[in-house]
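I opened my notebook to look up ring pairs, a helix face and charge pairs. Here is the structure I worked from.

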Amino acid sequence: MEHPEEVKMGNQTIVTSFVLLGFSHLANLQLLLFVLILLMFLVTLTGNCLIVVISAIDPALHTPMYYFLKNLALIEIFYSLCIVPNVLVSLLVERRVTSFTACSLQLNVIMLFVTSESFLLAAMAYDRHVAICHPLQYTTIMNRRHCFWMVIGSWISGIPVMVGFTAWLFSLPFCGPNEINHFFCDIPPVLKLVCADTSLFELLIFIVIVLIVMIPFSLITVSYLRIIHAILHMQSAEGRRKAFSTCAAHLVVVTLFYSTAGIVHLRPKSNLSPDSKKLVTLSYTVVTPMLNPIIYSLRNKEVKEGLRKSFCRRGFTERPSVSPLDG
C-alpha cells in the first residue's frame, strides 16, 4: 500500500512530502522532553518580548547597543516560533508529516534568521569596539542612520543564500525514503533523501556556511582584539572593569552561538551520530534563544532597571543620557 507522502511514477517512487522522525528514538522520554521544551519556549518568548518592549519604551535604552539587542531578541522570537511549535507537535504525534512547501518554507526562514543573527552579533561587537576604543567619536560613528543600515544589512544578508540554495535543493529529485531523521527541515538530513549526485551542492553549501560563519566571526575577533588592547592600556582599574563588563554578555552569547552551531554545520563529516546531532542542534535552537535575554538582563543594569520600572508601573522620568560604556 502506498504512503500518501509518496507517488508511483513507473518504477520510481516520487516523494511528495516528508515525515519528521523527531525524537522517536527517545520514546520513553518524549513527555518529559515536551514539558522541558515547552517551558524553555515560554521563557524564550517572555524574555525576548520583554527586551523588545523595554528597549522600545524606556528612553534610557534608546542607544545603539540596545537597538541591536532589540533586533537580536526579535530574531530569537521568530526563529523559535519557526522551529519549536513543530518540535512540540512531533513529540505528541507518532508521525509528523510535512509537505514539500512547508519544509521549504521552514528551511528558508531558518537560513535567513541564522545568517541574520551571525551578522548582527558582528555588528554588536563593532558597537562595543567603537564605544571602548573611540568613545569621543561614538555618537558620531554610531549614529541612527549608521545603526539602521547595519541592522538592515544583517536582516537581508541571508536572502540570497536562502533563496538560491533552497530553490536548488528542492528542485533535485527525491525518490524515497521520505523520512527526515531530524525534528525540523535542515539541509543535511533533507539532502540525504536526494537520489542524485549532490557533491557540488554539498561543496558549495559548505563554502557558503564557512563564509557566513567566518566573516562575522573574523569581524568579532578583530573587534575584541582591539577592545582587549584598549582595555589593557587604560589607567583606571574601574575603567577596565566597566569596559569589560559591557562586553561580557555579548561574549557569552557569541560563544554559545558559534560553539553549538559550529559543531553541527562546520563538521559535516563528524563522528557525531544523527541522534547526537539532534541534541546539539536542540541546544542552539531551544536553549540558546532562552539564555540570551537572561544573560543580557543579568549583565546590564539598564535592562534590570527597565524591568523594575515596568513591573512597578512607574512613570518614566527624564534621565541623563547613557554613556557608550554603560550596560
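My entries follow, by topic.

**Ground rules.** I am working with a predicted model, where local features need pLDDT of at least 70, side-chain atom pairs count only at pLDDT 80 or more, and totals for chains, interfaces and linings use all residues. Residues are numbered from 1 along each chain as its sequence is written, and side-chain values use heavy atoms, with hydrogens and water left out.

**Aromatic pairs.** I searched the whole structure and found 18 aromatic pairs. My rule pairs rings of Phe, Tyr and Trp (its six-membered ring) with centres within 6.5 Å; planes under 30 degrees apart are stacked, over 60 edge-to-face, the rest tilted.

I looked up Phe165 and Phe201. Their ring centres lie 5.6 Å apart with the planes at 80 degrees, so I noted the pair as edge-to-face. Phe165 sits in helix α6 (residues 159–169) and Phe201 in helix α8 (residues 199–232), so the pair ties together parts 36 residues apart in sequence. I take helices as DSSP runs (H or I, at least four residues), numbered from the N terminus. Phe165 and Phe201 are both buried. Buried means under 20% relative accessible area, exposed over 50%, and partly exposed in between (1.4 Å probe, protein chains only).

Next came Phe170 and Phe174. This pair is tilted, at 6.1 Å centre to centre and 35 degrees between the planes. Phe170 counts as buried at 14% relative accessibility. Phe174 is buried too, at 3%.

**Helix α6.** Which residues of α6 are buried? I listed Val161, Met162, Phe165, Thr166 and Leu169. They cover an arc of only 100 degrees around the axis, which puts them on the same side of α6. The arc is taken over directions from the helix axis to the C-beta atoms. These buried residues pack against α3 (100–133), α7 (187–191) and α8. Contact here means heavy atoms within 4.5 Å.

**Salt bridges.** Side chains of opposite charge can pair when their charged atoms come close. My rule asks for a side-chain nitrogen of Lys or Arg within 4 Å of a carboxyl oxygen of Asp or Glu. How many salt bridges did that give? The count came to 2.

Asp127 bridges to Arg128, with the closest N and O atoms 3.0 Å apart. Asp127 is buried at 1% relative accessibility. Arg128 is buried at 2%.

Arg241 bridges to Glu238, with the closest N and O atoms 2.8 Å apart. Both lie in helix α9 (residues 237–265), 3 residues apart, about one turn of the helix. Arg241 is partly exposed at 47% relative accessibility. Glu238 is partly exposed at 46%.

How values were computed. Helices (H or I, at least four residues) and strands (E, at least two) are DSSP runs, numbered from the N terminus.
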